[in-house]
Amino acid sequence: FFFQAEDGIRDSSVTGVQTCALPISDSSYSTGSNNLKNGVLNGSSEVICPPGSSTLIRRLDPDTGALKGSLTLIAGYAGAVLTPSGNVVCVPSTSTTIRVVNAAATSCVRSTTHSQTTPAYAGGVLVPGGNVVCVPYSSLNASLYNPVDGGLTHVAHGCGSGAFSGGVLLPTGNVVFVPFNSSNVGMFDPVAQTYSNLVSVGATAGKYSGGTLLPDGRVIMAQWNASNVGILNTRTPATLEFCRSPYFNKF
């Protein structure tokens, strides 16, 4: 592996791009800071949005803006992961429980207490075999969660609090942890259940948040406080289908 930083986008002359905002057509919805936090596409092309400061997980129709279903949980989630069964794992930040809900966001299938320092995690990654890696933020452990039986395995990472923000699945089955306060890019092996440091990225706080795998094997890490976009070259190409999968390669 080697790490490099590039000076932004070389050609920003993007044309033909349009943006629009759809009104959320639900009178029970109230706006607010951090109300919903991230989201995931379900099997019906709807977006499941877990609650940030809100207590409701929502099912959104992206074509119309309609909120088609909701479920009362508790506040404090920061990510969602679609599983092969169609259920969605809600990854906790300040919440002390990992929740599994159905694809319609109308019922809670499972709830598991994680007992980690909060805000515990920043994103989750589905790995081959169906487990979900919860990417450690203030938790001092990377956590491997089994959404079927609720089993939870913790693996120490040794990178301190606020360590990582977001993870990226590689074709090898390992997960890259995107460094936030950690001075290293992290790597988690969900089969061996081990953590290792990859390369140093310096001690700046709040460096990157979220990453994406490209077909040529590079992992692009989005700037937070870093001066440049981070590029990790794994030298292992991935298929376009793998990179575009609705299950993998999500923040």
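Let's start with Met221, which stands opposite Gly230 in strand 20. Strand 19 (218-223) and strand 20 (229-233) pair in the antiparallel sense over four bridges. A strand here is a DSSP run of E with at least two residues, numbered from the N terminus, and two strands pair if DSSP finds at least two bridges between them. The link from strand 19 to strand 20 is a hairpin of five residues.

Strand 19 also pairs with strand 18 (residues 208-213): four bridges join them, and they run antiparallel. Here Tyr208 has Gln223 as its bridge partner in strand 19. The hairpin of strand 18 and strand 19 has four residues between the strands, and Gly217 in this hairpin takes a positive phi near 95°. What holds paired strands like these together? Strands of a sheet pair through backbone hydrogen bonds, either parallel or antiparallel.

## About the model

Keep in mind that this is a predicted model, where local features need pLDDT of at least 70 and side-chain atom pairs count only at pLDDT 80 or more, while totals for chains, interfaces and linings use all residues. Residues are numbered from 1 along each chain as its sequence is written, and side-chain values use heavy atoms, with hydrogens and water left out.

Strand 2 is joined to strand 3 (residues 47-49) by two bridges, and Val40 stands opposite Ile48 in strand 3.

Another open sheet of four strands has the order 6-7-8-9, again with antiparallel pairing. Strand 6 (77-82) and strand 9 (108-113) stand at the edges with a single partner strand each, so one side of each has no neighbour in the sheet. Strand 6 and strand 7 (residues 88-92) share four bridges, and Tyr77 has Pro92 as its bridge partner in strand 7.

## A buried strand

Is strand 10 (residues 121-126) buried or exposed? Six of its six residues are buried, so strand 10 is largely enclosed by the rest of the structure. Buried means under 20% relative accessible area, exposed over 50%, and partly exposed in between (1.4 Å probe, protein chains only).

Strand 10 runs antiparallel to strand 11 (residues 132-136), with four bridges joining the two. Tyr121 finds its bridge partner in Pro136 of strand 11. Five residues sit between the strands in this hairpin, where Gly129 takes a positive phi near 105°.

## Aromatic rings

How many aromatic pairs does a search of the whole structure find? There are six. Rings of Phe, Tyr and Trp (its six-membered ring) pair if their centres lie within 6.5 Å; planes under 30 degrees apart count as stacked, over 60 as edge-to-face and the rest as tilted. Phe177 and Tyr195 are stacked, at 6.3 Å centre to centre and 20° between the planes. Phe177 lies in strand 15 (residues 175-179) and Tyr195 in strand 17 (residues 194-200), so this pair ties together parts 18 residues apart in sequence. Both Phe177 and Tyr195 are buried.

Phe180 and Trp224 have ring centres 5.6 Å apart and planes at 70°, so they are edge-to-face. Phe180 counts as buried at 11% relative accessibility, whereas Trp224, at 54%, counts as exposed. Phe164, Phe177, Phe188 and Tyr195 form one aromatic cluster.
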